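Subject: Handover of a structure and notes on it

Dear colleague,

Please find the sequence and structure below for your records.

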Amino acid sequence: MQAFLISLRSEFYKSRNTLSFWSAILLPLIICALIAEGFYVNSNKLAGMTGMMQWFRFSGAFLGVMGSLLLPMLVIFQTFSINNMEHRADMWKSLFALPLPKWSVYSSKFVYAVFLTALCLTLFASFIIAAAYLMNFFKPEFKFNQFDMSALLFKLHLKLFLASISIISLQFVFSLLWSDFIQCMGLGFLLTIFGIIVANLGWKYGYAIPYAQPMIAMNAVTKEIKIDGTQTIDFVLMTKEIYVSLAIGLAAFASGYFIIRKRSVN
């Protein structure tokens, strides 16, 4: 465990000044600021809506694009950047020559990739809530303070995170196989487009396609969400696409270790 923590800390120090780390922080901040500005300027279009419906309109502007395109593309970039540091300096042999178990070194890199995605989605939920209440403070016509959507937003982003585990794992393996950004990015982009098409067509077995799972998860929420007379909202967190995402993620994680193990002895 100590070796894993040492390796994980090393990943943080190596990437703390890189775009892969700061993208997890700046991307949510910039996108939330831009969308919030658009809603603030056009606040009259939300006039007459209840606080709950204003929340759905505002948060929906983020979740739709996150599930379909933004999250997969962010994962592609971050996973490549984590392993590219070793590819670029040809440091794999030196890395595994350290007095640390290979399993700890490999798993720490994977966990760090997962952490960056979790950090990004957590900040998205936090900034959405902060932006909504800030707009409400400056413009009383907003009614965000009449309905508390905080718990639901974090649960929605948790579902997005779980649905993205398979993409994180596959892109992590791709970034181990190829040092060329164009190869990793190109394949990931094509698979993302394929996933969007599958999700939009509503294919029966679309939940088995990793790059369609975030979008399918968000589409399922709109169908499963229930609103009763007391304005309580709920949906099922663990659905079939989530279970498949976790299973693919586990299989890809194990495959990646065998790839690294074979490379380290050559």
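Two residues are in contact when they have heavy atoms within 4.5 Å of each other. The structure is a predicted model, in which local features need pLDDT of at least 70 and side-chain atom pairs count only at pLDDT 80 or more, while totals for chains, interfaces and linings use all residues. Residues are numbered from 1 along each chain as its sequence is written, and side-chain values use heavy atoms, with hydrogens and water left out.

Overall picture

The protein has ten helices and two strands. Read from the N terminus, the order is α-α-α-α-α-α-α-α-α-β-β-α. Of the 266 residues, 49% count as buried; buried means under 20% relative accessible area, exposed means over 50%, and partly exposed lies in between (1.4 Å probe, protein chains only). Among contacts between residues at least 6 apart in sequence, 79% join residues at least 24 apart.

A buried threonine

Thr79 is found in helix 3 (residues 51-89). With a relative accessibility of 1%, Thr79 counts as buried. Leaving aside residues up to four places away in sequence, Thr79 touches Ala113, Ile168, Gln171, Phe172 and Ser175.

Helix 1 and helix 5

Helix 1 (residues 2-15) packs against helix 5 (residues 102-138) at an angle of about 50°, with the axes 8 Å apart. That angle makes helix 1 oblique to helix 5. Axes are lines fitted to C-alpha atoms, for helices over the stretch in contact, and angles run from 0 to 180 degrees between N-to-C directions. Angles under 35 degrees count as roughly parallel, over 145 as roughly antiparallel, 65 to 115 as roughly perpendicular, and the rest as oblique.

Helix 1 passes helix 5 in a right-handed crossing. A crossing is right-handed if the near helix is turned clockwise from the far one by less than a right angle, and left-handed if anticlockwise. On the side of helix 1 the contact includes Phe4, Leu8 and Phe12, and on the side of helix 5 it includes Val105, Val111 and Tyr112. The residues of this contact divide into seven nonpolar, five polar and three charged. Here Ala, Val, Leu, Ile, Met, Phe, Trp, Tyr, Cys and Pro count as nonpolar, Asp, Glu, Lys and Arg as charged, and the others, Gly among them, as polar.

Ile6 also has its place in helix 1, and it is partly exposed, with a relative accessible area of 37%. Ile6 and Ser104 are 98 residues apart in sequence and 8.8 Å apart in space, C-alpha to C-alpha.

Helix 2 and helix 5

The axes of helix 2 (residues 19-41) and helix 5 come within 9 Å and cross at roughly 25°. The two helices are therefore roughly parallel to each other, and their crossing is right-handed. Among the residues that meet are Phe21, Leu29 and Cys32 in helix 2 and Leu116, Cys120 and Phe127 in helix 5. By class, this contact has 22 nonpolar, one polar and no charged residues.

Cysteines

How many disulfides does the rule give? The count comes to zero, a disulfide being a pair of cysteine sulfur atoms within 2.5 Å. The sulfur of Cys32 has its closest cysteine sulfur in Cys120, at 9.3 Å, which is too far for a bond. Cys32 is buried, with a relative accessible area of 3%, and Cys184 is buried at 1%.

Yours sincerely,
A colleague

Technical notes:
Helices (H or I, at least four residues) and strands (E, at least two) are DSSP runs, numbered from the N terminus.
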